[in-house]
Every structure is written in structure tokens, then in C-alpha cells.
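Hi,

Here is the two-chain model we talked about handing over. Please have a look at it first, and then read on for what turned up in it.

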Amino acid sequence: MATVTLRGIQKSFKDAEILRGIDLDIAEGEFVSLVGPSGCGKSTLLRIIAGLEGATAGEVLLDGVSVSGMRAADRNLSMVFQSYALYPHLTVAENIAVPLRMRRLNRWQRLPLVGGFMGGAAARSIAADVQRAAEMLEIGPLLDRRPGEMSGGQRQRVALARALVRDPAAFLLDEPLSNLDAKLRAHTRTEITELHRKLGATFIYVTHDQVEAMTMSDRIAVMMGGEILQCDTPAQIYADPCDLRVAEFVGSPRINVIPAEADKDGRISIPGCPLPLRHTGRATLRLALRPEALFLTESSAKLRGKVAHVENMGHEFVVQIAVPELPDCLVLRTSAQAVVGDAVGIGFDPGRALIFDAMGGRCRNVTAQVFA
Amino acid sequence: MTQILKHLVLLIGGFVVLAPFAVMLSYSLKSPSEIETGTGGLFGAQAPMLDTMCMARSQPDRAAMDAARAASPGQTDDAIMAQLEQGREAACTTRPAVFNYTKAFTEAPLLRYLLNGLIVTVSIFVIQVIVALPAAYALTKLRFWGRDAAFALVLFCLLIPVNAVALPLYLGLAKLGLTNSYAALVIPWTISAFGIFLMRQFFQSVPDDLVDAARMDGMGEFAIVWRVMLPTAIPALIAFAIFSITAHWNDYFWPRIVITGDRDLFTPPLGLREFQAGADGSLYGPMMATATIIVIPLIAAFLLAQRRFIEGIALSGMK
């Protein structure tokens, strides 16, 4: 277990800048997700932490000690890959034993055939640790199989077992669930979280799936265009995003964005409806509202439109409403059945609206204002 | 209809390829007279034949005559002579197949040649793998300046025919005093551009994640080559082994150049020359028997490798 600290990490391939100065402090035992759309540099960042790739500038510190220039093998980090990357010619038990064999046995003991006679105590301790890891992930019966004879979920567990069989300073997970089907993914999510709780180790988890990030992490670092836009707890990221891109990326269904204007007195209005909100002066703004902040109403409707599409989720309905004044449909969650084609009114509490400026930055200087 | 046509073409191709083998096998079973007259069908009549060389060698001398006279006193010299002649003929009469195959082993030290062939081909293959695997690994999985240029050079080397560099190679080895040695047979072939090329193409299908996982597990680059890349590359290695071993087992050109005197260093194809036309005409039967014996290990090795080859493919479960 260790703290992981990133200081001004930059990476460029030829002319393309992949990472533009990443700073991040990860506490001991913390579960941090790096989340963002593909191509945002999150995997590159993880590989730099792992030591598989060198940074153009900046440094990685483990427990406060810089590991720049240190080989991946010497950093004592474990990694789980998206493709699991199990050795196809080794059985499950041998796969799990590899990191221990490379560390606990010397060159001669690792030799095929001859090595078997020289391992002795070290070999026994390895076998015991492999057994322990296998039990933790409930893959005991699979130990003699080869990766080719197992399902994706089973390989996933073997990859996890191989990562946790030694006590690494931190676990790095690179989209470990993306090759699993939806049901198994949800299940494995819980298991990884439990594993984290049990081990109390530092986890750095890369994913493009915001649901995974939200459900598993202590903190989420939302990355886009080679930068960390925001790094906060899942609740904070969801409720109080500091950038429109973060607000749009996190949450499903997607957050509703409504164009808004502030006049010279700073009064904010959306098309067809003034709001009791005040900005400091004239500005082009954007109002973002989570689907659960909107509700269907007849009496206090701020916007009116036609139901364009209804998705029955069982416990609720996700309704898309086309509002003539707005470029995109609004999405809201409701427990009441809605019928496609119905004209409906939409209301919301202006206090729950997140206001962003034209550049996508959060406007914190908006105050509620009661109409005189 | 097209199916029949395809099979017909394949059958003709198969016939063209197999016909020389059939002739070889057939000649290795026939007596010299059958070979010369073209009779005896595929397997020869296997009628007992008289080994003329055996007869020539066992011409009774004075000592034998004296011994025979002493053994059976009172008989005329002609009778004793006829008796001896009879015994000699009986001893020198064999079946053609037996004659050919025993000749193959007695006329020349064929076992020695086979052993030489084994030593040379195995040494070449092992060293080729030791060179080609790390080279191919570096050319696929490592990033360094000039990598593409290095690979282009490898491809270029594929275009150079052996015969073009034979003379400089020979001169170099001669200057080093290495002609007439195993080293001369092995060294020129240890770096195989084809091997590097083949392994590189195969390594490109090995996911980078596997290499990275090995690095995370604490392996150095050489450990990755031998512990991860080698086992995953077994099918490709077997394909390469088939090419390499057949080429060098059958090679006549190069051993003929560098092995000039010492018969103990002859490889099997050089051994075949022993049966070339001498004063008493070519010994086609024993020659073909030798050829058959030389070819058998290759065919056996190929059949074994073919089995492993398929197993190897079935084993690879990367994704």
C-alpha cells in the first residue's frame, strides 16, 4: 500500500500532445477512477504510472519517492489489463505464480525441470500464496486449466488473482470489465469494490464507463483532452460539476442543457421563460438540469413540448420531450406514464439548475433572486 | 464438376511430386539387372542374386585350397575347387533388397553421416532460434530509433542468394582455418533472415498487453523472450523448423564446398556420392537405398511436427 502522486505529467507522441500537465494526489488505500471518453489519455496516464511508458515531463512518486526511470518490474505495482493478458501456455496456477516466481526465486530455481529440485521452501510458500489468492477469488477448481479453456469472466478473475497474489504498492486496472457482458459486469463491479475494501490497498481504475466510476470509486478524476477537469467524490462530481463537459459526461441519462441569456442587469432567462436567477452582467449562459430535476406539470410549466419518446425502465419512465424552442429533446425521469405525442408542460426548481458560461466553465456567482 | 477438376489437378501435382520417390523406393528394392533392364515392376522379383563384388573378394587363395585339401583328403583338386566355388556362391547370394540396404551401410559409414547430419541441422536450428527470437522480439515489441530500417535490412537479406556469397564465406572460413569442421557447416547459417522475418510476423499477432503484463510481473526483456514469446510462438517455430531442418539436411552445395577431405564430416547428401559411378559402374540399388534411409528421418520428423503444429494452434487462446 502506498500513496501515488503525479506531478505535472506531460506526454506527447511526435506532435500530438496526449497529456498536458497532470497533477493528482492519491491517498493510501484510496480507490480513484480515471474516467473519460476514449482518447482522453487515461490509459496513457495509467501506463506512465505503471512504468510501461515514459512521461515527456513530470514525475510519478510512490510513497513520496520518485520512480522516474525505474523499470515497471521494479515499481511493485500490479496491473490488470483489458484483454486480461494471461500467459496462454501456462495453467491458471502457473499464471498466478509468475509474479511470485520472478521475485522470490533466483535465476537457477526458475529454470525449467532443474529448478523444481532447488525451490524448496520458496516454492512451497508460492504454492500457498497462489492457493490463498485463488480462494479469495473463488477460482480454486480452475487452477489446472489453461486460459483458452475458460470464459471471459473466469479469465478476469485469474487476472485479478495474478495481480493480488503479491502485495503491490498499488493496483492499476485498465478497463478490466469492458470485455464482460452487462450482467457479469455489474456483478464483478461489486466484487472489485469488496476486494478493495478487504485489501485496503490503493486502486487506480481506468474506465470509459461513468457508471463504473460512480459506483466503485472514492474519488473520480474526469479526464478530457489530456487534462483532469475535476477530481472529486462521485457525489460531488454528480451534483456539483465544475465544467459542463464533466456534467455531460457523468450521469445517465445525460444532463439536459438549455441555452440561457443574462441581460444587462444580470437577469437570467431561458427561451420563453425568465428565471429568478441573477448573474453579474450580460452573458450567454447554459443551464444544465439533471433528468430528475425536471418534472411534468400543468400549473407551473416553464417549458412546453410534445412527448417524443418514452422508455419504460420498470420502476420509472424516461421521457424525451421535444421543446420547439430548444435544439435538443429534454429528458426527464417520472413515475407517471406518458404517452408519445402528448403535449406536456415541464417544470423545475431554478435552484437545482447548474449554470455554465459560454466556455463551459461553472458560474458560481449566480444568486437566487425573488422577483419584485 | 469443378470439384473433380480440382482433384484431377491436385492428383497430377501429387503424382509429379511423388514419382521420383516411388522410383527411389522401387530401385532400392531391385537387383542391378532389373534396374538396367527396367523389369521387375515396383518391388522387383526379389529373385536371389549373386553379389559380384562379394565373389571377387572371396576368390579362394592358396591357403584356402590347402585347408580344403587337408579337410577332405583323397579328392581331386577340381572337386575341391568346385566345392569351394559352391560354398562361395551360396555365401554371396542374397535377395536384392537385403543386398541394397546392407550395401548402403557397409559400403559407406552411413550411420556416421546420419549422425553428422543430425549434429549439423540441430546446431543450425538451435542457434537460428537463439538469434531470431530476440531479434524478432526487438523488431516488433520494442521501440527504438532505426527499427524500421533494421527490418528493411532483414528483408533485403532475404533477397541475397546463397550461391552469391558462397565464395567470400568460403574464403573467410578458410582464412580462419575452419574448413573441414562442423563449424564450417554450421556458422554460415546461424543467422537466418527468413527466421527473423517469420518470427516477427508471428509476434505481431501477440498482443502488446501480454508483454506489458510480463513486465509488470517482474520479467526483464530476455525473460520475456524465453518465457513468454517462445512458448506462444511454438507453432511458428515448428513451421520454421520444418523449413530449416529440411533445407540443411538436404543441402549438398555447401558441405561439398567446405568439406573437402575428411570423410568423417560428410553429411548424408555427401554420402550419396560414395555410390557414384566407379570402375564397376554405378551402384544404383544401394544408392537409392541410402537415399531412402536419408529421407526417412525427415518424413518422420515432418509427420510428428505436423501433429504438434495443429496442437500448437489449438492451444493458443489469447483472446
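In chain B, twelve residues of domain 1 are in contact with 13 residues of domain 2. This is a predicted model, so please read everything below with that in mind. The domain assignment puts domain 1 of chain B at 2–104 and domain 2 of chain B at 110–316. Taken over C-alpha atoms, the centres of these two domains of chain B are 38 Å apart.

What does the boundary between the two domains of chain B bury? The area comes to about 1,100 Å², with 83% of it on carbon and sulfur atoms. On the domain 1 side, Met24(B), Tyr101(B) and Ala104(B) supply 44% of the area buried against domain 2 of chain B, more than any other three residues. Helix H1 (2–27) and helix H6 (96–107) of chain B each give at least two residues to the domain 1 side. H6(B) makes the largest share of that side, with five residues. Sorted by class, the domain 1 side that touches domain 2 of chain B has nine nonpolar residues, two polar and one charged.

Thr260(B) is in the loop between helix H15 (253–258) and helix H16 (268–272) of chain B. Is Thr260(B) buried or exposed? Thr260(B) has a relative accessible area of 55%, and therefore counts as exposed, since the cut-off for exposed is over 50%. The C-alpha atom of Thr260(B) is 6.4 Å from that of Asn180(B), although the two residues are 80 apart along the chain.

Now for chain A. Its secondary structure comes to eight helices and 21 strands. Along the principal axes, the C-alpha atoms of chain A fill a box of roughly 90 × 45 × 35 Å. Chain A has 372 residues, and 51% of them count as buried. If you take the contacts in chain A between residues at least 6 apart in sequence, 66% join residues at least 24 apart.

Chain A is also assigned two domains, domain 1 (4–246) and domain 2 (254–368). Their C-alpha centres lie 40 Å apart. Eight residues of domain 1 of chain A are in contact with eleven residues of domain 2 of chain A. Between them these domains of chain A bury about 810 Å², and carbon and sulfur atoms give 50% of that area. Tyr238(A), Pro241(A) and Leu244(A) are the residues of domain 1 that lose the most area to domain 2 of chain A, together 67% of what that side buries.

How many salt bridges are there between domain 1 and domain 2 of chain A? The count is two. Asp240(A) forms a salt bridge with Arg364(A), and the closest N and O atoms are 2.7 Å apart. Seven residue pairs are in polar contact between the two domains of chain A, both residues being at pLDDT 80 or more. Helix H7 (residues 234–239) of chain A gives three residues to the domain 1 side, the largest share of it. By class, that domain 1 side has six nonpolar residues, no polar ones and two charged ones.

Last, the place where the two chains meet. Chain B brings 21 residues to the contact and chain A brings 33. The area buried between the chains is about 2,100 Å², and 57% of it comes from carbon and sulfur atoms. Met216(B), Asp217(B) and Arg227(B) supply 33% of the area that chain B buries against chain A, more than any other three residues.

The rule finds three salt bridges across the interface of the two chains. Arg47(A) forms a salt bridge with Asp212(B), with 2.6 Å between the closest N and O atoms. There are also eight residue pairs in polar contact between chain B and chain A, both residues at pLDDT 80 or more. On the side of chain B that touches chain A, the elements giving two or more residues are helix H12 (208–216) and helix H13 (221–232) of chain B. H12(B) has the largest share of that side, seven residues. The classes on that side of chain B are ten nonpolar, four polar and seven charged residues.

Best wishes

Terms used: Residues are numbered from 1 along each chain as its sequence is written. Chains are lettered from A and ligands numbered from 1 in the order in which they are written. This is a predicted model: local features need pLDDT of at least 70, side-chain atom pairs count only at pLDDT 80 or more; totals for chains, interfaces and linings use all residues. Side-chain values use heavy atoms; hydrogens and water are left out. Contact means heavy atoms within 4.5 Å. Buried area is the accessible area (1.4 Å probe) that two parts lose on being put together, summed over both. A salt bridge is a side-chain nitrogen of Lys or Arg within 4 Å of a carboxyl oxygen of Asp or Glu. A polar contact is a pair of N or O atoms within 3.5 Å; within protein, one must be able to donate a hydrogen and the other to accept it, and residues adjacent in sequence count only if both atoms are side-chain atoms. Helices (H or I, at least four residues) and strands (E, at least two) are DSSP runs, numbered from the N terminus. Ala, Val, Leu, Ile, Met, Phe, Trp, Tyr, Cys and Pro count as nonpolar, Asp, Glu, Lys and Arg as charged, and the others, Gly among them, as polar. Domain bounds come from an automatic or database domain assignment. Buried means under 20% relative accessible area, exposed over 50%, partly exposed in between (1.4 Å probe, protein chains only).
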